[in-house]
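The points can be read beside the sequence and the 3D view.

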Amino acid sequence: MAGFYDFSGELGRLEQQGLYRRRRVVDGPQGVLLDVDGRRMVNFCSNDYLGLAADPRLVEAFQRGAERYGVGSGSAHLICGHSAAHHALEDALAEFTGRRRALLFSTGYMANVGTISALLGRGDTVLEDRLNHASLLDGGLLAGARFRRYHHADPTDLAAKLATGSGKVLVVSDGVFSMDGDLAPLPALAALAGRHDAGLLIDDAHGFGVLGARGGGIVEHFGLSAEQVPILIGTLGKAFGTFGAFVAGSDDLIELLIQKARSYVFTTAMPPAVAEATRTALRIVRDETWRRERLRELIARFRQGAEQLGLPLMASETAIQPLPTGDSERAVALSRALAERGFWVGAIRPPTVPIGTARLRVTLTALHDDAQIDALLEALSELGA
């Protein structure tokens, strides 16, 4: 078909550049071992960091929730979709994060886009880390504010840009950077935002549940208060093993988002049964500290083994362990070769990461065992990663 609908050229170029993406079909629950396109594989690309996605207790809570509330929520929160299950989860998340209130969103992307665009407008300024997640960048662009990016995890560059901000100024950063695995310099960001009377928004999607003694994330990890980090966003589909996202903060912040966040106002609420399962996950995350301890042990084992084998490592002490390849085609080739050996490791390429910084993204969970870590390291070494 010619004209507008002829996409073959663009698709061919993506293929040639090693940027073409293909879906794989998983049969069965998430876990360390997955049936992928009919083949059993060891999963090293999941964000299910604490191994809760298929926990029987979450399944039971979901089933009880479905029996009580049915499957769908029926509408947006502001019409008739806000159930007692949603409200109870928001209260539990507010208590867990040490904030006055929390507000549920259907996805992390919607939480980020909706929050930033609700808080800023023309004449304001948003300052974002250069390696922020796409949803944070899109939220800043959608707001219509003056959009500027500071050098990755660089408080000095941020300070220079804060000095020239106009209108209301909001500093936005990931807590744990999803493709590099490193932490934002949160104490410095909080100090700078306070000094310049700027807002501070932290998306702790990959730290919430994993970092801190209680799983409180990067804010607990650095020992900061709710006053120092006033706007906290977390997702529930990673360490918590369920689905959705939330924003936690002051009464006025949450009320403003209820009024103005378009991705909250104009979308259907998550199924109440998911909220019920998430409350169970929240209790497990808080109480079963062995999951975080085990994850830390596995991270250390992987990094020590990689260093001994001379494998390249990026500066990450989290469950996200990237191995840079630089070249997109090489990342794809290594990922395919690992799959042939029974390991599922994602090849990360532009536009997810900057051009020339393609990598394998190894992610670890609390349910991996030592033998699986060692076998992956051996395979990476033999393939010349």
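**Notes on the predicted model**

1. F4 has a relative accessibility of 66%, which is over the 50% cut-off, so F4 counts as exposed. Y5 is exposed as well, with a relative accessible area of 53%. The model is a predicted one, and the values quoted here should be read with that in mind.

2. F4 and Y5 form an aromatic pair. Their ring centres lie 5.2 Å apart and their planes meet at 80°; an angle over 60 degrees counts as edge-to-face, so this pair is edge-to-face. The structure holds 7 aromatic pairs.

3. Another aromatic pair is that of F208 and F246, with 5.0 Å from centre to centre and 55° between the planes, which makes the pair tilted. F208 sits in the loop between β8 (199–203) and α9 (218–221), while F246 belongs to strand β10 (residues 245–249), so the pair ties together parts that are 38 residues apart in sequence. Both F208 and F246 are buried. One aromatic cluster is formed by F96, F208, F240 and F246.

4. Which residues of helix α7 are buried? In this helix, residues 155–162, they are D157, L158, K161 and L162. Viewed down the axis of α7, these buried residues fall within an arc of 140°, so they line one face of the helix. As a general point, an α-helix has 3.6 residues a turn, so residues three or four places apart point the same way.

5. The cover over the buried residues of α7 includes strands β5 (125–129), β6 (146–150) and β7 (169–174), together with helix α8 (186–195).

6. N132 is placed in the loop between β5 and α6 (134–143). Its relative accessible area is 6%, under the 20% cut-off, so N132 is buried. What does the side chain of N132 reach? It reaches the backbone oxygen of V172 at 3.0 Å. A polar atom of the N132 side chain also lies 3.0 Å from the backbone nitrogen of D174. Apart from neighbours within four places in sequence, N132 is in contact with L137, V172, S173, D174 and F177.

7. A333 is part of helix α14 (residues 328–340). Its relative accessibility of 46% lies between the 20% and 50% cut-offs, so A333 counts as partly exposed. A333 and L383 are 50 residues apart in sequence, and their C-alpha atoms are 10.0 Å apart in space.

8. For the whole protein chain, there are 15 helices and 14 strands. The radius of gyration is 21 Å, close to the 21 Å that the globule rule gives for 385 residues, so the chain is as compact as a globular protein of that length. Taken along the principal axes, the C-alpha atoms fill a box of roughly 55 × 55 × 55 Å.

9. Of the 385 residues in the protein chain, 53% are buried. Among contacts with a separation of 6 or more, 69% are between residues 24 or more positions apart. The accessible surface of the chain comes to about 17,000 Å², and carbon and sulfur atoms account for 53% of that surface.

Note on methods. Residues numbered from 1 in each chain as written. Predicted model: local features only at pLDDT ≥ 70, side-chain atom pairs only at ≥ 80, totals over all residues. Heavy atoms only, no water. Buried < 20%, exposed > 50% of the residue type's maximum accessible area, 1.4 Å probe, protein only. Helix = DSSP H or I, 4+ residues; strand = E, 2+ residues; numbered from the N terminus. Arc of directions from axis to C-beta. Contact = heavy atoms within 4.5 Å. Rg over C-alpha atoms; globule rule 2.2 N^0.38 Å. Areas by Shrake-Rupley, 256 points an atom, 1.4 Å probe, with all protein chains shown as cover. Phe/Tyr/Trp six-rings, centres within 6.5 Å; stacked < 30°, edge-to-face > 60°. Polar contact = N/O pair within 3.5 Å; in protein donor to acceptor, adjacent residues only side chain to side chain.
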